[in-house]
Amino acid sequence: MTNLQFISILVLSPLAQGIIKKIKAQCQGRVGPGIFQPYYDLARLFKKDMVIPRTASWIFHAAPYVVFSSVLAASMLVPVFSAEGSIFRTGDVIAIIYTLAIGRFFMALGGLDAGTAFGGEGSSREMTVAILVEPSMMLAIFTAAVASGSTSLAVIARSGSVFYSPAHALALAAFFVAVIAETGRVPVDNPDTHLELTMIHEGMLLEYSGKYLALMEWAHYMKQMLLFTLAADLFFPFGMAGAGSGFGAAEAFGYYAVKIFMLCAGVAFAESTRAKMRFFQLPSLLGAAFVLSALSIITFIMTGK
Amino acid sequence: MMIIPAAAALICLLTRQRRVYEYATVAGAAAMVFIALSIAAGVLRGLVIKSPGGMIYVDALSAFMLVIIALLSFVAAVYSVEYMGNELTAGHLDKKAHRYYYLLYNLFIFTMVLIPMANNLAILWMAIEGTTLVSALLVGTYRRRESVEAAWKYIILCTVGITFALLGTFIVYYASSGALGEGKGVLEWTALTSMASRLNPATIKLGFILIIVGYGTKAGLAPVHNWLPDAHSEAPTPISALLSGILLNCAFYGVMRFAVIARASCGPAFVRDMMFLFGISSVVVASVFMLIQGNVKRLLAYSSIEHMGIIALSFGVGGPFGLYASLLHILNHAIGKPLMFFVTGRIKGLYNSVESEGISGILKAMPLMGVIGFIGVMALAGAPPFSMFVSEFLMLRALAAGGYWYVMGVFLATGGLVFYGLLKNFGGMFLGAPSMPLPVGAAVYKSKTSFITGTVMFGMAMALVVMGIYIPGPLDRLITLSAGIIGG
Amino acid sequence: METESTEIVSPKEGPRKLSSAFYVIYAAGCLFLGAISLQDLLLGNKWSFALALSSALSLSIRGGGLGSYFSLILSILGFSASVYSFGYTRDFKVPTAFAILFGIFLFSMYAVFFSANVPAFLISWETMSLASYFLVISDTENRESARAGLFYAVITHVGTAFIAAAFMVLYFATGSLEFSAMSAALKSSDALRSTVFVLSLIGFGTKAGIVPLHTWLPRAHPAAPSNVSALMSGVMIKSGIYGILLVSLDLMGGGSLWWGVTILFLGAVSSVMGVLYALMEHDIKRLLAYHSVENIGIILLGVGASIIFSANNLPALAGLSLAAALYHTLNHAVFKGLLFMGAGSAVHSMHTKNMEEMGGLIKRMPWTALFFLVGCVAICALPPFNGFVSEWMTFQSLVLGIKTSTVLTKTIMLLAGAALALTGALAAACFVKAFGVSFLGLPRSREAGEVHEASLSMLLGMGTLALLCLLLGVFPGYVLRVISSVPLGGLGSVQQYAPGNLTLVSAGSSSVSPAALLMAMLVGAAFIFVFPLLLNGRRKSVIADPWDCGIIRLTPRMQYTATAFTHPLRRIFKKIYKPRKDVRIEYTVKPFFVREIEYRSEITPLFDSYFYRPLIRALNHTALSARRLQSGNLQLYLGYILVTLVTLLVVWG
Amino acid sequence: MPRQWVVVYSITDFITIGMLLTVVAMNSIKRIETCLRAYTLNSLLLALLMAISAFYLDAAHLYVAAAFTLVSKGIAIPLFLKKVVRDLKITREVEPNINTPLSLVITSVLVVVVYSSLSKGIFIEGFTENTLKVSVSIILISLFIMITRRKAVTQVIGLLLMENGVFLAGFSLTYGMSTIIELGVVFDVLMGVIILGVFLTQIKKSFAKVDLDKLNTLKG
């Protein structure tokens, strides 16, 4: 059962997206679409025909599969609600980050393949943001990792509540910013716009349609969910089912749902209270995140907890 | 041994037939090679040649020098036949000058052969002075104003220097008479070495200072080297080859003989300091001047200074490795430097210029010269796997064993500069698209090297390569013996 | 426009056949030597023999040591490079001479790894350098490569001088030139050991291309033909790593903490600077060359960590980090060789190294594109390819730096980890650019439109390496078994990190299994291939022009250029790049109708413009002013004699 | 020491000092003919010295040496040089690089250096030491003259003066070595002078002026 916990990410990720949208709508005083809207969108896209740009090569076709399967593979490594690890018991956080990187790599290639200006723009910016995010994310992860002496999520998750140390607070803040950037949300990117000059994520997907677009989007939802799960595992590692912890799968899942909901809410609030930044203001934000994470590491080394 | 070049010279004097005196010269040189080798073989068998009067004395060291001299004079003779022939047809010099060239060539060889065989230090001095006089005329072979100027400076500077050497010789003699009693002094090297420990150190010191300044001038040790670049760049190429290939070594040979006495009399420290002083200044000066030196013949001249510096350094360290290194380096330099001069000569023949600007694409124009030239450059720069590296490595080893870090530092640093200088200037000539040769040269000179000359040069290049990996046993023994003689 | 160092002429049949024969022999020789080295390592048998050069000097070689591992790497790359050359050198002007030089270069590298005493090492070392120099200038008529060659030769020669000095100090300390005797007899003061360390670090650093000694790399690698660049970048610069390991670990048996910290710091700087400069390159081979700097940095991270650990006596962790370094050495050799060959076959048919003129190559040379893509993914350390494994291990050892004793080491190692992460991200961006701009999209020039696929042997050479990229990534256990058999401190215990052959475990009880990842991805792909079919049978797809904002039709000039791709980074990191930008606009009717806009933007290479150029200028100045000493005035010269004599008389007389 | 030796020493010292003076005088001489005369005088003094000591030591070979010196240095070489000068129509020396007073100062400094550096227990007292000091000073001063003078001919003369100095030294140190060597040395010097003469004429040909200022085309 716990070996297949990744399915919950696969299935529930559109729901998370829906919830975020809903909360945002509420904040902005709109009714907004129902929380199951993403499922409908995906289904619709799957049913549509595809338009393939004449200039595209096989990379264009391969990209969606690679992106999706890499995210799926990554989510197979994550302990979702049970510390028993996952189907392959290799829940190494660095491995997860790099597996996600495959997806990004091919998504960017897909953006370039059609040879349009927007695709290139999207890929360029996506990679740039990734460059700015990666170090702070790693350092934030390191804080959690060194605290429990391992980069294995299972171990970290088992290590119980270490949330109350200042190092973790800082790390969490940094990680949260990183998550926002990685999931392409305001203030870094605006997921709802197709305004050519501001879009990053959408820019790369501009040529995609139908099934491929569905795959890309779904992968995107999963990635978002996956990152939330990571945050949960790294910084709120309590209430996980598995040996030692007295939680059964069901209640553990309950805890998990709560955590994810909180994170979704956080993201939604952040998104609706912030305006999107100019692209070249991002370095200051993400740089701040990096400083936070560096501080967290150093505080940890100094204080030892 | 000495007869042959004299005879050859005589022939040159008598006949007007170009072929005749050319062949006489080459044949004489060949014969000398044979004799020198047999002498070396004899020395290896342990016998030492002494003339009844004690004037002549040939031990391993002398044999070593003789072999070098003989080989080089042969090679240069072979090269001369083609090179000077071309010069003649190109009208750079007239028939008379051509004949005198060979006459003086043989006299030059004669005086140089005399040097290592002389036991009496005064005779040694006379021979060396003789080389100056003859070679000065050779340097002035082309009656151009530059060559005359070079010859003038050469003869003045070297004569001044050699005068001090003479004074030094006298003082050494005086020291001996101080030990043996008034008026009973000796000048035989053998005698002096045997009684070296009884000589008055202060006197010997003075004498050695004069000697090293005197013969050092001739050997091209900085800061008294100034004649060298001019003479080398203005002399006919084969003569430049002989000058840097053997003449410098012969002068240094004089220093070595005296150094043996000085070592025994006033301790190795003094000799070492002197050698380091001159050696270091030589390598430094040379390397700096090689950085920007468009005229490749001058470049090679400065490289000779550098190599004499290296020889002096390794001689100064002493010890089996040091001395072995310096002798081996003498040999290597005597092969590598002439080779490069020959290459330059061929280039000059084709382009009628030795300025590295304006000349390019030798590798394309004359592939053989290009390849040999590159080998030579690398060898001169002391890069493995070529022979000079071996001697320089041995020197490093000796320096390290003695812990002379500052010397090693200077040597390595200058080594980098030298490498840069050589590669920059020669590389510029060898690489690139071939620049058009001047019609003057092109008319006469076949860009193709004649078979014999080519073979000889290729042989020298191969020697550089082979001796970088393996040193033949007899040679090894000969050098070891000679080192033993110097080491005392 | 730089052109590839060969141009199409039709050489005579004879030399071509001959050179081909040479390459066959080389390939066979590589296989043979590789087999020997592997056997020596696994069976742990050591051999050595000496050849007397003269009474004063002898050369000796040995097997079964650290060198065997490197010669194994060399064999892998040497083999495929030879196969590649078989087709690549077809239209060279002087194939035979080139083939011979290539052979000298190849086997002199073997000599370096096999040599067992100082003279042998120095001789083969410099032979390697000179051979590579001649290969760099093998296109003798190209001024550019001549200049690059000169720069390279001089720098590497100076490096050799430092190496020689280091060995001489060792000789002074131990009284022997044999490596074995050195490592046995070395009981000397810390100052002495540190001197040796610094000298050798500088000397070998020049060869390895550690920042700031890297400046020859981006010059020489592009100038050389690609089969040579592959060897240079794949193996030759590793000989620098070999040297550092040899001297500081094998001969001196590890050292003080600050060695490790220094190396770690240099590694971090090199990796970041290397990739930053790579990003700004449009010359595909210069780009790859800069990436070599980066990867050397990553290797050094492992080495430094290992020295730090052993100074904290944590042998197990030291083993882990060293294993990471060695593993990455192997990996980099494989994928960098692959990338250079791929770039080579692109350049070979394009006759330009400028990415801005490529584009869309994937359509006409699909196989090359595929192999190049594999290389890109591998060098970006993306699973399941080999780069990931070694970088994962490096990450592990850096994170475990928390186990060291001092605050300094903890901090610097974790920050180094961050630097590694940054490097990874930058590398990813760089290779998205490299592959995307040159292989994807529309052809940016006429040549790009009419390229031809590389010849079979070239594809074979690349294919081998591409396959290895995958295998080395999926079966790390086998590699670690080989590494653990390298006789070097702490490495013996490395195999504990690979209990199976598929899974890697780090000391921090964290584990990863690339094979499993591969499986997962395949499962995912299969699932997602089936899923839509379940949802709704097959849908047809329409081929149409891409979205062009409604203009008539998309032209190649509208797609993102390499310059544009990296423009954000150029702005973000302008402190480092110091970009110079000039925009020239020509109007037909000012200011409304623009005829043409020229946009040029280049960056200032820090170390060139602030260290090397001033140095060279100073040297030339000195030389010029020194020439006054030789003024041509005879009296002056006589004056020198007088002064010299008087001084000597006063001082010694 | 016996009385006659004192006489000898006083005489020889007198002569050597005379030689030194001739050399010093060269510093202030402008006309080339005068220089030549000074040189001749110097050589004659040398020959005389040799003869005298030959007489006192009654060593036959010293007579020979003295005779040689007389013939070669006292007669042959000066005549030859005169001829050269006449052929080249060299009238008078231009101003030397360094003016007379200064050059005299430097000369004296050189002498001091020699006297100080050569008296460190290298030699037995008396004849040898003084003569040697004188001769070394002569050598250095004549080198200095070569440095200061611009005309090529004066350089030759300076060179010859050096030779004289060396001869003086050699003779004082060795009481004349075996005659053959003496002959050889003299012969070499003679050859040298002749060759120099040849070059002088060539310089005249190719430079139109036997002035060393023109002789610096080869630099660096």
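Visitor: Which helix gives the largest share of the side of chain B that touches chain C?

Guide: Two residues are in contact if their C-beta atoms, placed from the backbone, lie within 7 Å, and on that basis 54 residues of chain B are in contact with 45 residues of chain C. Several helices of chain B each supply at least two residues of the side that touches chain C, among them α6 (145-180), α10 (237-291) and α16 (405-430), where helices (H or I, at least four residues) and strands (E, at least two) are DSSP runs numbered from the N terminus. The largest share, 9 residues, comes from α16(B).

Visitor: What should I know about the model and its numbering?

Guide: This is a predicted model, in which local features need pLDDT of at least 70 and side-chain atom pairs count only at pLDDT 80 or more, while totals for chains, interfaces and linings use all residues. Residues are numbered from 1 along each chain as its sequence is written, and chains are lettered from A and ligands numbered from 1 in the order in which they are written.

Visitor: How many nonpolar residues does the side of chain B that touches chain C have?

Guide: For the classes, Ala, Val, Leu, Ile, Met, Phe, Trp, Tyr, Cys and Pro count as nonpolar, Asp, Glu, Lys and Arg as charged, and the others, Gly among them, as polar. On the side of chain B that touches chain C, 10 residues are polar and 6 are charged, and the number of nonpolar residues is 38.

Visitor: Is Arg397(B) buried or exposed?

Guide: Arg397(B) is found in helix α15 (residues 387-402) of chain B, and, leaving aside neighbours within four places in sequence, Arg397(B) is in contact with Phe321(B) and Tyr171(C). A residue is buried if 20 or more other C-beta atoms lie within 10 Å of its own, exposed if 12 or fewer, and partly exposed in between, with C-beta atoms placed from the backbone. Because Arg397(B) has 25 other C-beta atoms within 10 Å, Arg397(B) is buried.

Visitor: How are α11(B) and α16(B) oriented to each other?

Guide: Two packed helices are described by the angle between their axes and the distance between the axes; here axes are lines fitted to C-alpha atoms, for helices over the stretch in contact, and angles run from 0 to 180 degrees between N-to-C directions. The axes of α11 (residues 296-317) of chain B and α16(B) come within 11 Å and cross at roughly 160°. Angles under 35 degrees count as roughly parallel, over 145 as roughly antiparallel, 65 to 115 as roughly perpendicular and the rest as oblique. The two helices α11(B) and α16(B) are therefore roughly antiparallel.

Visitor: In which hand does α11(A) pass α16(C)?

Guide: The axes of α11 (residues 282-303) of chain A and α16 (residues 407-439) of chain C come within 10 Å and cross at roughly 155°. In this pair, Ile297(A), Ile298(A) and Ile301(A) meet Val407(C), Lys410(C), Thr411(C) and Leu414(C). A crossing is left-handed if the near helix is turned anticlockwise from the far one by less than a right angle, and right-handed if clockwise. The crossing of α11(A) with α16(C) is right-handed.

Visitor: Which helix gives the most to the side of chain A that touches chain C?

Guide: Among the 4 pairs of chains that touch, the most contacts are between chains A and C, and 68 residues of chain A are in contact with 67 residues of chain C. With 17 residues, the helix that gives the most to this side of chain A is α5(A).

Visitor: What is the radius of gyration of chain C?

Guide: The secondary structure of chain C comes to 25 helices and 7 strands. The radius of gyration is taken over C-alpha atoms, and the globule rule is 2.2 Å times the number of residues to the power 0.38. For 653 residues that rule gives 26 Å, so chain C is as compact as a globular protein of that length, its own radius of gyration being close to this at 27 Å.

Visitor: What percentage of the residues of chain D count as buried?

Guide: Chain D has 7 helices and 0 strands, and no contact joins chain D and chain A, whose closest C-alpha atoms lie 56 Å apart. Of the 220 residues of chain D, the share that count as buried is 47%.
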